[in-house]
Amino acid sequence: MNNPLVQPDPGLYIWTIVTFLVLLALLARFAWRPLLDALEQRQDVIRRSLDDARHAKEEVHRLQAESARILSEARSEAAGIIAGTRADAARFADELKQKARADAAALVKGAQREIDTQTLRAIDTIRREAVDLSVSVASKILRRDISPADHDRLVDDAIQEMQVKAQH
C-alpha cells in the first residue's frame, strides 16, 4: 500500500508553499489592488450618492416649506381679494339704492309739480267758467249786456277775490 500520492513528500510541500506565495504576490499586485481601488471608488460613488440624496431631501423639504408659504400667501391674498370684492359689491349696491331713491324722489317731485300745475289750471278754468256763468246770470238779472271791458274787469276782480280766499 505504498501509494506515492498519499505519502508526504517534503519537496511537494515546499513547491506548494512557493506556488501559493507567488500566486499570493501576483494576486496582491494585480488583483487585490485594482479590486480594492474599485471598491474604494464604489464606496466614494455611494457616499456621493448618499450626500446628493441628503441634499435632495433637504431641498425637497425646503421647497415644501416654500410651497406651503406661497400657498398660505395665495390663500390670504385670495381672501383679501374676495373681501375687497364683497365690499365693492356692497358699496355698488348701496350706490344703486341711493341712485334709485334719488330717481324715485325726482319722479315723485316731477309728478307732484305736474299735479300742482294741472290743479292750478283746473282751478283757473273753473274760476273762469264760474265768472262767465256769474256774469251771464248777472247780465240776465240786470237785463242788460255788459261790455267786453266790463266783462274782463269783473273776471279779474273775481279771480283776485278767489286767490285772496284761497290764500287764507
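1. The secondary structure of the protein consists of two helices and zero strands. The radius of gyration is 62 Å, well over the 15 Å that the globule rule gives for 168 residues, so the protein is more spread out than a compact globule. The model under discussion is a predicted one.

2. The overall dimensions can be stated along the principal axes: the C-alpha trace spans about 195 × 30 × 25 Å. Of the 168 residues, 4% count as buried.

3. A nonpolar surface patch deserves a separate entry. Its area is about 980 Å², and I17, F20, L21, L23, L24, L27, W32, L35, L36 and L39 make it up. One of these residues, L23, belongs to helix α1, which covers residues 10-142. L23 is partly exposed because its relative accessible area is 48%, a value that lies between the limits of 20% for buried and 50% for exposed.

4. V45 is also placed in helix α1. With a relative accessible area of 37%, V45 is partly exposed. Between the C-alpha atoms of V45 and A149 the separation is 130 Å, and these two residues are 104 residues apart along the chain.

5. As to charge, the protein carries 25 positive and 26 negative charges. The mean positions of the two sets are 2 Å apart.

Conventions:
Residues are numbered from 1 along each chain as its sequence is written. This is a predicted model: local features need pLDDT of at least 70, side-chain atom pairs count only at pLDDT 80 or more; totals for chains, interfaces and linings use all residues. Side-chain values use heavy atoms; hydrogens and water are left out. Patches are made of residues with over 30% relative accessible area and no salt bridge: like charges are joined within 9 Å, nonpolar side chains (Val, Leu, Ile, Met, Phe, Trp, Tyr) within 5 Å. Accessible areas come from the Shrake-Rupley method with a 1.4 Å probe; for residues, only the protein chains shown count as cover. A salt bridge is a side-chain nitrogen of Lys or Arg within 4 Å of a carboxyl oxygen of Asp or Glu. Helices (H or I, at least four residues) and strands (E, at least two) are DSSP runs, numbered from the N terminus. Buried means under 20% relative accessible area, exposed over 50%, partly exposed in between (1.4 Å probe, protein chains only). The radius of gyration is taken over C-alpha atoms; the globule rule is 2.2 Å times the number of residues to the power 0.38. Lys and Arg count as positive and Asp and Glu as negative; His and the chain ends are not counted. The place of a charge is taken as NZ of Lys, CZ of Arg, CG of Asp or CD of Glu.
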